[in-house]
Amino acid sequence: MQKEFSILVGGAAGEGTRMTGQLIGKLLNQYGWRIFIYEDYQSLITGGHNFSVIRVSKEIILTPKKEIDYLIALNQETIEKHKNNLKKDGLIIYNSDQIKGEKGIGIPALSITNQFSGKPIMKNSALFGALAKVLGVEWEILENLLKKEFGEKAEVNLKIARAGYEQSKTSQKIEKLNQKPLSLLNGNEAVALGALKAGLDFYISYPMTPATPILHFLAQIRKNFKNVIVFQPENEIEVINAALGSAFAGKRTMVGTSGGGFALMVEALSLAAQSETPIVIVESQRPAPATGIPTYTAQSDLLFVLSAGHGDFQRFVVAPGDAEEAFYLTGLAMNITWKYQIPAIVLIDKEISEDTFNFDESIVEKIKIEEPILWDKKGEYKRYLDTKEGISPLAFPGEKGVAVKSTSYEHDEFGITTEEEENIKEMQEKRLRNYENLNNEIKNLEGVKVYGNKNSDKAIIVFGSNKGVGIEIGKKLNLKVIQVLVFQPFPEEQIKKAVSGVKKLISVETNASAQLAQVLRAHDIKVNDSILKYTGRPFFVEELKEKLINKI
Amino acid sequence: MEKNNLDLKTKNTWCPGCSNFGILQAIKNAISILEKKGIEKEKFVLTTGIGCHAKIVDYLNINTFYGLHGRAVALAEGVKIANPNLKVLVCSGDGDSYNEGISHLIHAAKRNIDLTVLIHNNRNFALTTGQFSATSPRGFIGRSSPEGSLESAFNPLELMIASGATFVARGYAANVNHLTNLIVQAVEHKGFSFIDILQPCLIWFNTFENYNQRVYELKENNLSSKEKAIQKILEWDYNDGEKIPIGIFYKAEKPTFDEETNKGLVNVEDFGSQIKEILAKKS
């Protein structure tokens with residue numbers, strides 16, 4: 001059997017292709033294979049064309065490929081759109097009730113579903129069963145999976161899957177690999193879990209693709225996390241202001257949105273800075289300007305999040321490149337924002353948010369709740385005590401003998417409004433000293449990771465969701481690959497070290513203006529060239545390889 | 001910093017004779033009364049937006065969050081949901097919560113969150129030098145409307161009834177005792193309490209004389225009827241009308257949002273095992 005293969009499952013929205021993709025991933029995960037699932041869907045509820053690409057490999061992969069080994073088609077459009085990407089020896093498994101005259105394995109999925117009085121969406125189970133047979137999956141493994149996933153509703157699905165299984169035939173039996181199955185998680189789920197591990201008390205969000213599933217996930221798992229409150233208010237301005245109120249009251253609070261929602265929050269980002277109120281903001285990018293393309297991907301808000309907000313202030317900005325990093329960096333952001341009382345932003349994009357990654361649970365223990373600096377209860381409480389480090393100890397409303405005075409206005413140590421030059425200077429300099437703490441913190445953090453041939457004088461530099469494709473291509477073309485994980489404070493020394501000896505540095509970005517290259521150049525790091533994609537889709541492995549070969 | 005109980009010895013920058021002094025006094029009186037009734041001073045939190053009203057944070061020795069323009073209610077909602085044991089008051093202005101931040105006011109009333117919202121309604125933007133606001137009468141002459149504003153005022157009390165507020169009242173900054181009593185009742189009311197406070201602005205819209213002649217105190221009767229409340233509320237539409245009633249118009253009992261969202265909350269120290277349980281299901 002080959003080292004890797006890809007399965008595409010496609011149909012109209014509402015036909016359940018995403019669920020099928022997830023089931024396929026989980027099924028092959030049982031055999032120790034590594035899984036990555038790319039989700040491609042449109043901003044509509046029924047109709048249109050949705051598909052998932054399940055990439056299955058012996059080694060960890062974090063990115064989709066164009067070439068397909070197995071095409072599972074619920075409708076004719078899926079075949080028309082993806083047939084060109086099917087390998088010569090690829091196989092089509094299709095719903096023969098809707099698609100006629102196709103080569104491959106035709107399964108009368110709807111007829112089978114009707115025969116067992118199933119709901120129309122259950123026709124997926126017939127095709128799922130057929131694929132399992134093609135790959136020589138043992139029936140018991142499939143059965144156990146469906147029971148685990150559907151519980152009491154598994155019975156009808158199992159009958160339908162069994163019929164599909166029996167009408168199909170094995171072409172290549174999947175090898176059982178000697179490695180432990182890993183969990184399958186999308187980045188939104190990883191962000192939520194990372195925040196929880198770092199002590200999340202309160203999540204506030206207004207729905208906006210592709211960050212909405214964080215809200216759904218947290219609302220649903222609240223059963224197990226009884227100290228977490230989830231709140232969906234009237235708009236993003238309420239979201240961020242209520243979040244600052246919550247943090248003022250002592251609760252570890254996070255908000256999540258996309259570029260447009262973040263734009264509405266920007267005034268209050270500046271309030272977080274002035275009032276020194278901790279907050280974690282998750283910004284999952286999608287193509288813009290304006291509404292852009294809601295269900296697709298981009299990395300075009302990097303410069304925006306780095307500079308958003310009126311006034312002179314810093315923020316902590318991280319950009320995870322897969323689910324494990326999303327978990328870790330969100331937890332880190334929560335701890336950092338409470339340590340320094342400086343706002344933190346987790347910058348992701350639709351691919352991190354909604355694609356499914358293998359997740360090694362050993363990362364979970366790396367995040368622990370770190371307590372902020374609290375008032376020692378001695379003397380009179382001053383919310384903005386002018387300390388040497390610039391960090392003023394926290395107290396919260398309700399504490400005996402304390403009046404906590406937080407403010408958007410420039411203020412004295414108590415938080416009383418001031419317009420006096422001396423006070424203004426004192427407070428600005430207190431904040432500047434605190435930003436120095438944050439700048440020093442970067443020495444303790446892994447702001448940059450290097451992969452591939454570390455001795456190569458040709459390198460690509462990436463962030464966020466281009467990590468996976470970057471690593472894979474780097475390996476193939478024997479290049480050095482540099483990933484930036486922290487953007488503010490900027491890990492300048494780490495990057496300069498990573499690019500030393502590099503003669504040709506190419507940035508690979510999913511935006512139209514090479515924003516990563518712009519940031520690097522602002523820090524005197526020479527970028528020779530950029531490969532940009534701005535069609536809403538991520539780089540597919542083959543595509544980036546071709547573009548890079550022309551550049552190096 | 002020198003201070004005694006509720007006072008802070010800060011410099012007050014309201015105009016001499018400003019009716020905001022009356023509101024400040026009423027809030028101090030109300031907190032003192034509530035303290036005597038057993039609510040600790042530390043339990044009070046006051047949020048404000050931006051405008052003349054917001055300067056009040058510098059004159060009160062209690063927990064405060066001086067927020068952004070229009071966002072006083074939003075801040076307060078976060079505080080209250082995060083810690084329902086706190087008594088959360090909002091001071092906001094007509095420009096602040098009837099113009100810039102009206103969405104938060106409507107939705108906070110709709111969810112019946114247990115806040116006490118006090119609107120310093122001087123019926124103009126005073127700190128930005130006298131432009132018309134949502135409760136300025138049609139024809140208001142200000143620096144941005146030299147020929148008179150083209151918009152009529154809306155009636156905030158009517159809006160609050162429609163939005164689901166469970167305590168709706170009007171006070172008058174010049175009647176401190178009456179206002180004190182209203183604030184005490186509003187804080188004691190479990191649910192969204194709203195008091196529109198007529199607050200004459202000496203500089204840009206001096207309504208003292210006008211109000212003194214027209215304001216009268218409502219006699220408490222059936223406060224649970226929305227229809228009767230609306231009838232009384234419509235006696236004055238913030239444009240014309242003969243008499244201006246002050247007092248409580250409407251009062252009702254409903255579950256509060258902060259209580260409902262906090263129901264069944266348990267303090268958990270570390271989520272490692274729950275997270276692993278979720279991960280196990282996702283393989």
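Among contacts in chain B between residues at least 6 apart in sequence, what percentage join residues at least 24 apart? The value is 71%. Two residues are in contact if their C-beta atoms, placed from the backbone, lie within 7 Å.

The model is predicted: local features need pLDDT of at least 70, side-chain atom pairs count only at pLDDT 80 or more, and totals for chains, interfaces and linings use all residues. Residues are numbered from 1 along each chain as its sequence is written, while chains are lettered from A and ligands numbered from 1 in the order in which they are written.

Chain B has ten helices and ten strands. Helices (H or I, at least four residues) and strands (E, at least two) are DSSP runs, numbered from the N terminus. The radius of gyration of chain B is 20 Å, close to the 19 Å that the globule rule gives for 283 residues, so chain B is as compact as a globular protein of that length. This radius is taken over C-alpha atoms, and the globule rule is 2.2 Å times the number of residues to the power 0.38. The C-alpha trace of chain B spans about 70 × 50 × 40 Å along its principal axes. Of its 283 residues, 51% count as buried. A residue is buried if 20 or more other C-beta atoms lie within 10 Å of its own, exposed if 12 or fewer, and partly exposed in between; C-beta atoms are placed from the backbone.

The two chains touch. In chain A, 53 residues are in contact with 47 residues of chain B. H9(A) gives the most to the side of chain A that touches chain B, with nine residues. Elements that give two or more residues to this side also include helix H1 (17-29) and helix H10 (259-275) of chain A. Strand S15 (405-407) of chain A is another of these elements. S15(A) pairs with strand S4 (residues 63-66) of chain B in the parallel sense, over three bridges. Two strands pair if DSSP finds at least two bridges between them. Lys405(A) stands opposite Thr64(B) in S4(B).

The largest nonpolar core has 235 residues. A nonpolar core is a set of buried Ala, Val, Leu, Ile, Met, Phe, Trp, Tyr and Cys residues joined through C-beta atoms within 7 Å. Residues with the most contacts inside this core are Ile93(A), Leu131(A), Val318(A) and Val168(B). Helix H12 (residues 323-340) of chain A gives the most to the core, with eleven residues. A second, separate core of six residues includes Cys52(B), Phe125(B), Cys201(B) and Trp204(B).
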